[in-house]
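Dear colleague,

I am passing on the structure below, followed by some notes on what I found in it. Please read them alongside the coordinates.

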Amino acid sequence: MSDFLELCELRQSCRKFADKSVEHEKLVKCVEAARLAPSACNSEPWSFVVVETPEIVSKVAKTGQPNGMNQYLSGAKAFIIVLEEHAVLMQPLRGMLDSQYFAKGDLGAATEHICLEAESLGLGSLIVGVYDRPALRELFDIPAEKQFGALIAIGYSEDAPRKKQRKSLDEIVKYY
Ligand SMILES: Cc1cc2nc3c(=O)[nH]c(=O)nc-3n(C[C@H](O)[C@H](O)[C@H](O)COP(=O)(O)O)c2cc1C
């Protein structure tokens, strides 16, 4: 994959996962891509939980299916949980801004690095917004004060490519 825009076009939320397990090495590459993401003051306010053991993957899938939602998560072969860690900002910013002021944006960058790396490795991914956070905390012993950044389902995709539904550039960009 040489063209970055093409990669952005190809990545889509996967809602049909193939019954094929994901190689451990590919999951490592996904978190390596996240590790290389930019963050404010290079504070890297993140950590990751990679779930690839089938019995635990099934348990995580269930946390993302409240009220029968997201049934397709049952087909996911792996999950990556993005967690928010304490950020240390550079000296002039301390006292001016809360330490976590930029963290959500940093975690968003890391999350998308994971999804784009997955795509470049031939994998599908799905960022899951609605999930049972207390149940996920219990599964992995995540303390109550630690914030979730994202839950990402991963597997080989059997989804047909969809045309991107997006606002036009004219609607969202001003040039000066
Ligand atoms: C924070 C976040 C939460 C999302 N939660 C869900 C979800 O729970 N279930 C789902 O099917 N898609 C979910 N999505 C996927 C979006 O619906 C999807 O990214 C958007 O419609 C654009 O489509 P595309 O990803 O295929 O380009 C989520 C995306 C983001 C960024």
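**The ligand and its shell**

By class, the shell around the ligand consists of 5 nonpolar, 4 polar and 5 charged residues, where Ala, Val, Leu, Ile, Met, Phe, Trp, Tyr, Cys and Pro count as nonpolar, Asp, Glu, Lys and Arg as charged, and the others, Gly among them, as polar. This is a predicted model, in which local features need pLDDT of at least 70 and side-chain atom pairs count only at pLDDT 80 or more, while totals for chains, interfaces and linings use all residues. Residues are numbered from 1 along each chain as its sequence is written, and side-chain values use heavy atoms, with hydrogens and water left out.

The ligand is surrounded by 14 residues, of which the closest are Ser13, Arg15, Tyr72, Gly129 and Arg166; a residue counts as near if one of its heavy atoms lies within 4 Å. An oxygen atom of the ligand lies 2.5 Å from an N or O atom in the side chain of tyrosine 72, and a ligand nitrogen atom is 2.9 Å from a polar backbone atom of glycine 129.

**Helix α4**

Just after α4, glycine 122 takes a positive phi of about 85°.

Best regards

Definitions and conventions. Polar contact = N/O pair within 3.5 Å; in protein donor to acceptor, adjacent residues only side chain to side chain. Helix = DSSP H or I, 4+ residues; strand = E, 2+ residues; numbered from the N terminus.
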